[in-house]
Amino acid sequence: MTFFRRLPPRRFTAGTVFWALALGGISACTAAEPPDGMVSSEQANFQVETVAEGLNQPWSLAFLPDGDRLVTERGGRLLRLSDGEARAIEGVPEVATVNQGGLLDVVLHPAFADNRLIYFCYAAAADGGYATRLARARLTDDRLADLEVLFTAEPYVRGGRHFGSRIVFRDGYLFLTAGERGNREHAQQLDKYHGKLIRLTLDGDIPDDNPFVGDSDARPGIYSYGHRNPQGMIVHPDTGDIWLHEHGPQGGDEINRIRAGANYGWPVATFGENYGGGRFAPEPPLEGTVSPVHHWTPSIAPSGMAFYQGDAFPAWQGDLFAGALKLTHLARLELEDGEVVAEERLLDDTGMRIRDVRVGPDGYVYLLTDGSDGRLLRLVPAS
């Protein structure tokens, strides 16, 4: 069923259209139409249902235990979608909506059913620049209470690119991606949180066993580095490994399997090249860096990431899904022994920029499509 009650728009400040589109940022056009009827793929036939439409630059999706859904809009609204309506959640802090920055990922605390806590990240303005910020609050009806800012990926810098901003939990810790903010050299500099995967306690403290704790030249929250702009991250349901994907420049989008303290190469090793052409670094492998599990060259501009675990599509069990903004499709990757052995592009004739991918508690695959008329869609088995 389609539902959405349009809410008053928030002020939206865009950067240049060229860089926004080239870097997998905002969309300058309305969402494309989803397909009508059955879609045949290599392993499963499915239909695409519209759950909600009229969303304005949606970025992330979370499922509440009562069946409602939380959706962030990059312009700063947090929405609660329930039967027949969408309601804006009050109490969201001030968000800097600048080019690719805004209100970004949202996830539930692992014990949300007991404590009602949610975590979210957003672009914040201070000191003449912007930074990725992590906050926590208690969801009480349609309001955020007890808001706490837990972490800021300092330093603040000017410009509106590469905020990263995906969150996952593992082993009682929180992991947050931070992009290198368009300053490629920052990804290799351990005195900055840009271009890093960050590991925190659930209260925002620095764990004592983080790999760079005790190094006076490094920020203690860093877990891995050499990342460009990671906008997809997931914990493998069987191995517990953290997988993330990140935007390359012109080519070289990567999927990486994370190890503590490791250097993932950006920008000293990459399959990509400068916009407009011309290499600036060798292709992996490079000594001292970890090569990607998989890369997309040319770029697809990946966003959102999910391992399929559910009963609705048995043939997809264990497959990895990623949305594509630039090449407008849903990528399905088959894995064997931790390696990508096959890839299929779903919905590649729709023109939909897919911003987020989640597997719902019903086993359906949910998609957020980017744009000023974004949609929440779900893939269901063909009847």
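Modeller: A salt bridge is counted when a side-chain nitrogen of Lys or Arg comes within 4 Å of a carboxyl oxygen of Asp or Glu. In this structure, Glu42, Asp319, Arg332, Glu334 and Glu344 are linked in a network of such bridges. Please keep in mind that this is a predicted model, in which local features need pLDDT of at least 70 and side-chain atom pairs count only at pLDDT 80 or more, while totals for chains, interfaces and linings use all residues. Residues are numbered from 1 along each chain as its sequence is written, and side-chain values use heavy atoms, with hydrogens and water left out.

Colleague: How many salt bridges does a search of the whole structure find?

Modeller: The search finds 28 salt bridges. In one of them the side chains of Arg136 and Glu148 meet, at 2.8 Å from N to O. Arg136 lies in strand β9 (residues 129-140) and Glu148 in strand β10, so this pair ties together parts that are twelve residues apart in sequence. A strand here is a DSSP run of E with at least two residues, numbered from the N terminus.

Colleague: Which residue forms a salt bridge with Arg353, and where do the two lie?

Modeller: The partner of Arg353 is Asp370, and their closest N and O atoms are 2.9 Å apart. Arg353 lies in the loop between β22 (339-346) and β23, and Asp370 in the loop between β24 (365-369) and β25, so the pair ties together parts that are 17 residues apart in sequence. Arg353 is buried at 9% relative accessible area, and Asp370 is buried at 4%. In another salt bridge, Arg279 and Glu283 meet at 4.0 Å, N to O; here Arg279 is partly exposed at 41%, and Glu283 is partly exposed at 42%.

Colleague: In what order do the strands of the sheet that contains β7 stand?

Modeller: Strands of a sheet pair through backbone hydrogen bonds, either parallel or antiparallel. For the pairing to be counted, DSSP must find at least two bridges between two strands. Here four strands form an open sheet in the order β7-β8-β9-β10, with antiparallel pairing. Because β7 (103-108) and β10 (143-152) stand at the edges with a single partner strand each, one side of each is left without a neighbour in the sheet. β7 is joined to β8 (residues 117-126) by four bridges, and Leu103 stands opposite Tyr122 in β8.

Terms used:
Buried means under 20% relative accessible area, exposed over 50%, partly exposed in between (1.4 Å probe, protein chains only).
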